[in-house]
Amino acid sequence: MNPFGDQLLNVITFVPLAGALVLLLLPKEKNELVARLATAFAGLGVLVSLPLWFAWQSAPTDGHGFRFVFETGWIPSIGARYIVGVDGISMLLVLLTTIMGFIAILSSWTAIQTRVKGFYVFMLILQTGMLGVFVSLDLFLFYIFWEVMLVPMYFIIGIWGGKRKLYAAIKFFLYTLFGSVLMLLGIIALYFYHQKVAGIFTFDIRYLQAMGTWAGWFDLQCWIWLAFFLGFAIKVPMFPFHTWLPDAHVEAPTAGSVILAAVLLKMGTYGFVRFSLPMMPEATKHYLPWALTLCVIGIIYGAMVAMVQKDWKKLVAYSSVSHLGFCMIGIFALTADGITGGVLQMLNHGLATGALFLIVGLVYERRHTREISEYGGLWKVMPLFAVLFMIMMLSSIGMPGIPGNGFIGEFTILMGVFALPQKFWAVLAATGIVLGAAYMLWLYQRTMFGELSNEKNKSLKDLNFRETATLVPLVLLSFWIGLYPKPFFNILAEPVHKLVAQVEQTWQYPEEVSVLTEDNVLVRLEDLKETAPEEGNEVH
Amino acid sequence: MLTVSHVMILSLVLFGIGVFGVLTRRNILIVLMSLELILNAANLNFVAFSWAHPGIQGQVFALFVICVAAGEVAVGLAILITLFRNRNSVNIDEFHLMKG
Amino acid sequence: MLDFIWLIPLIPLAGVLINGFFGRRMPLKVVGVIACATVLAAFLLSVGAVVQLAGSEPNADGLRIHEVGELDWIPLDAVSVPWEFSLDPLGSVLLLVVTGVGFLIHVYSIGYMAHEKDYARFFTYLNLFMGMMLTLVLAGNMMVMFVGWEGVGLCSYLLIGFYYDKPFDTRTGLTCADAGRKAFITNRIGDFAFLIGVLYLAINFGTLTFSEISEKVTHAGPGSHALLVGVGILLFLGACGKSAQIPLYVWLPDAMAGPTPVSALIHAATMVTAGVYMVARMSALYAQAPEAMAVIAAVGALTAIFAAIMGTAATDIKKVLAYSTVSQLGYMFAALGVGAYVAGIFHLMTHAFFKALLFLGAGSVIHGMNGEQDITKMGGLRKKMPRTYWTFLVATLAIAGIPGLAGFFSKDEILWGAWSSGNKMVWLTLAAAAGVTAFYMFRLVYLTFWGRFRGGDEAESHVHESNNLMTVPLMILAGLAIVGGWVGFPNSFLKDAPFIHSFHHWLAPAIADSHGGGHGAEASHSAGVEFGLMALAVGIALCGIFLALQIYKSSSLPQKIADTLGPVYKLVRNLFWVDELYNLVVLRPFYAVCRGFRWVDIHVVDGLVNGTRNATLGLSYISNLHDRVVVDGLVNLTGWTTTLFHRMLGRVQTGMIQTYLSVMLLGVFILIAYYTLAG
């Protein structure tokens, strides 16, 4: 089942990078060969990631819930180690990344005509960066992958983008960099505080997560939480940090948009699940009302702004803001159902919105415009395209059964949020379902229905085999999650329940008090013991 | 009777011809050849003194200089060929890239 | 066969796959036959299942129910939802109506749609609809029902917008696609409430399976009364969307943009009754929430009269029927609201027969008139389309409540239920609505089939009767519209006939009734009162018919009446301006807010980002200036000084190796000379 043993995650992560290196050796005139080889490597990436799914049940865990862990020394002087491993949450995201990466590359064969080699090299490097983020179990390693990923994306937008590509690329880069630098501050603060209390310098996420059980560092926790929050919220993006997203999406080439929507945005939500919640549960609860408010604003506001967009891609981009708000509200519900739904909705959003960007890309390639008013009546000339678009649109608006994945996610999230004592959060969030249907159906009607009045649209060709092949896997996966999501729930159950237990537990003083030899730390801890009990386990 | 002085006069003449050639000729090939003359003048001296004051060092050194000279000529000629290819000329006046 | 009820929805879905993938490459006949065959198979399987259900042993509550559901679907912490199907008497009624009427309409469609280009697409949608509707009917829990619920909404959307490139209503500029979207969004608003209700149920009772919910709400205790009322109203709001009740009825008249068989199948016989079905399914909950039932009764009765009045002024043959449908659905809800569940479901069934027949008849007329739908341009079609005319007349009599036909029995039962429950206002409203119904239906018949043709000679010569594929289903439905009500013969008549009240006996165990049995089970009620009320209702209906015949006999009288009524007529003619009101109160502000948000997004939220950028750029510019002038100035000064020296000393550097050598030689000579002379 798993031919790679404990090297599995290394293979998964670095196969795309190896592909990039091989591509570099090819002469740059051979565009066709480059494209095919890049696709082959991305396909290989999918293949090597399959053991994650099929060997999942049989793989042993490391005692912290992580599987396929590989660990080795790296930078001993600062305590950074090379540790990779996945739990159910990151495993699904890794699979999403490999699949969406493959599809994004497959979709670029004809869309990218200039500097072909460079494009695919960047795509493959990006792929490694994203995979690295999801598999890292060392905060230092995580941060490196997190930043590495920015660079290829910057070039992909900046070189192969649309008219305002430079503006969008720089905005994307600086905005996210701003957030991640603050996050770096948070990481360093965590690192030193951990050393101060536990006595060892380490970036190992599994140890740092234990800090969530410590009591008495509430003030510091709040500051670190805010630093992380900014980093992740910009990435998600949550209202009001979302404005880079429409620009980046609109200007990026199709493959870039697909990756951006399907995977890059998930890093923010993943960050919350992996770091903010388990490491800083007290602060999470402290800021919960604010976070939930931002989520709800994001859902409604994003949907309403999407309603009046004239640009097809921008509309889908704003729908992302709305949907990610949904993911986040599920996660911030801090209930098992909410978090499961949030993670599941990340996958669904990746599939649905990824597909919607592919769909925009397919018509953009034919007509070179994204103005919705330029289209209309496309069903007549592109029936296959229209049907696939319909299915993925239905996925996006949460139609149960056809294909149903969006609905499963939304329902699970609502279920989780509804368990909160304040029911209005769920009610407000649920309005997103109505609004989502409103703007998506209107978009569909304006593009696919109506008369085929525009002369330029009359000669459009329906999808060819390769283009169909980019969309069909997404449709099939959507149906799978929609009709029989149980395997996904099973995989998510363990890490989510562990996470909820971590968030819900009573905080205690760290046990390793004995290792504290420096006076100041000991004194500090004693101070803490006197003041701590008031900050008990107040849930909501 | 051949004495060291005779040899030294010969080497002095050789040296003088060499220096004259290096300083006045405009063809790099000839400059290189003149350089060889200077080196060989030095070699003559080595050998002569080694002969006058019994000992092996002088001759060893002469052999060493021959080797170095061979290397130097090889490098010099390679540079010369490259120069000729690039500039189509071996006139030393045309090469003043180092002019301040 | 009962264990395979989940196959019933799957068979039409298999038809979807076949026609969806290969339909465009197959001959038209094959497409139609496949579509019909799947529905027929579903019908036969349903009949088998129902027969088997009837022969099975009832459980402790006297209820015959069969549930299957092994496959986990949404296993959550708060509630675990399996793929669950169940069949009980309530479901069996719907099941037979949906598959039976559905099959007839499929057959009819083969004839009706014969000239369409997108034949395969139509039957794909239609089969998808059947699959989803059967999922809804056979669902064993609320989520599976929701799949069907939303699925039929989707099919409705697709089929209303079937002629997606055609305009629909020139007065409002609505296109068919707009009408479909309107239907979907309006339904979504209802579904929003429905979903919230479901969430409340799931959180509080930990289950969404119907049988378990019934069990739990019955024993919920008084503490959860407010919760149940709230949930009841929320669920009813969902039903309002699906079943076109006030305030969410606005989509149904516009849904007539779809092909006529669709109007018959979805917007008359089956889908729109889903709300009624759902409320009846949740009867145990409503039994604990009388306030919610009062709301349902009020809304139902109000809708019944309101829509009937709007039906009197419409001139589009299908829109008249659409308002009639809204009105009849109002009847059903009123019945549910007063606790006469059986009567409501009974009416659902008879209504499916005669309303499907009316729509198919209207379709036949439209077909014969080559697409004309305006009844002011028809007239005298009786002679030209005899089969259509006679079947249409049967259905009209049925809906008007003429004794002996299906509509009479169900309507009477509803009226009696309203009266006996003590809701005299509801009774009065419904009775009045019955009169209006009879009026507008006979107005329709008169304008369409009687009098003389008003569409011009050219059009008249083209009018023709439809072919057998279309008229045979009409005749079968006409038969059903006559005998379909006999299963619900009231107790008061013919006490010894074998089929007396069999419908009630079959259905009653599936309903948890707060009034302890409703109509028929109450032995105490006086047969005299019932007869009196029945006669009164028939009298009102006959008055309506008489009035319609009198008014439309003359060609000038309708106009005169309209002029006399003036503003009232205008109000009705413009449908109370409800669409315009919604537009003004809801849609326009909504779009304005959307545009406002977009402005805010560009200028405020993004403005802050760009402002930061501009501020940074400004600061950078100043820094740059300082850097260039002051800091760099010092550096440059050093540079300039160095350059100066360079200029002077650089001359020495000729770049000519021979010059250097000469100088060196000169130096050597000087040195030699120096040491020689000095030494």
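Predicted model: local features only at pLDDT ≥ 70, side-chain atom pairs only at ≥ 80, totals over all residues.

Where in chain A is Phe68(A) found?

A: Phe68(A) is found in strand E1 of chain A. Its phi is near 55°, a positive value in a residue other than glycine. Phe68(A) is also buried, because 28 other C-beta atoms lie within 10 Å, and a residue counts as buried if there are 20 or more.

Strand E1 of chain A covers residues 67-75, and it pairs with E2(A) in the antiparallel sense over six bridges. One place where the pairing can be followed on the structure is Thr72(A), whose bridge partner in E2(A) is Tyr82(A). E1(A) and E2(A) form a hairpin, with four residues between them. In the turn of this hairpin, Gly79(A) has a positive phi of about 85°. Strand E2(A) spans residues 80-86; five of its seven residues are buried, so the strand is largely enclosed by the rest of the structure.

A cis peptide bond joins Val236(A) and Pro237(A), with omega about -10°. Pro237(A) lies in the loop between helix H9 (218-235) and helix H10 (244-251) of chain A. A cis peptide bond also joins Phe239(A) and Pro240(A), where omega is about 0°. Pro240(A) is found in the loop between H9 and H10 of chain A as well.

Another residue of chain A, Trp312(A), has its place in helix H13 (residues 312-332). Trp312(A) counts as buried because it has 25 C-beta neighbours inside 10 Å. Apart from neighbours within four places in sequence, Trp312(A) is in contact with Val360(A), Arg370(A) and Ile372(A). By contrast, the C-alpha atoms of Trp312(A) and Phe201(A) are separated by 50 Å, and these two residues are 111 residues apart along the chain.

The view can now be widened to the other chains. Two pairs of chains touch, and the pair with the most contacts is chains A and C. This contact takes 41 residues from chain A and 38 residues from chain C. On the side of chain A that touches chain C, the elements giving two or more residues include helix H12 (281-307), helix H14 (336-367) and helix H18 (424-448) of chain A. H18(A) provides the largest share of that side, eleven residues. By class, the residues on this side of chain A are 31 nonpolar, seven polar and three charged. Chain A and chain B, however, do not touch, and their nearest C-alpha atoms are 29 Å apart.

In helix H7 (residues 210-218) of chain C, Phe210(C), Ile213(C) and Val217(C) are buried. These residues cover an arc of only 55° around the axis, which puts them on the same side of H7(C). Among the elements that cover the buried residues of H7(C) are strand E4 (85-87), helix H6 (176-205) and helix H8 (225-242) of chain C. A contrast is given by Asn370(C), which lies in the loop between helix H15 (341-368) and helix H16 (381-384) of chain C. Asn370(C) counts as exposed because it has 11 C-beta neighbours inside 10 Å. Its phi is near 60°, again a positive value in a residue other than glycine.

Chain B has three helices and zero strands, and 12% of its 100 residues count as buried. Its contact with chain C takes nine residues from chain B and nine residues from chain C. As to confidence, chain C averages a pLDDT of 86, and 96% of the residues score at least 70. Over residues 515-524 of chain C, however, the pLDDT is below 50. For the complex, the predictor gives an ipTM of 0.89 and a pTM of 0.84.

Notes: Residues numbered from 1 in each chain as written. Chains lettered and ligands numbered in written order. Contact = placed C-beta atoms within 7 Å. pLDDT = per-residue confidence, 0-100. Nonpolar A, V, L, I, M, F, W, Y, C, P; charged D, E, K, R; others polar. Arc of directions from axis to C-beta. Pairing = 2+ DSSP bridges.
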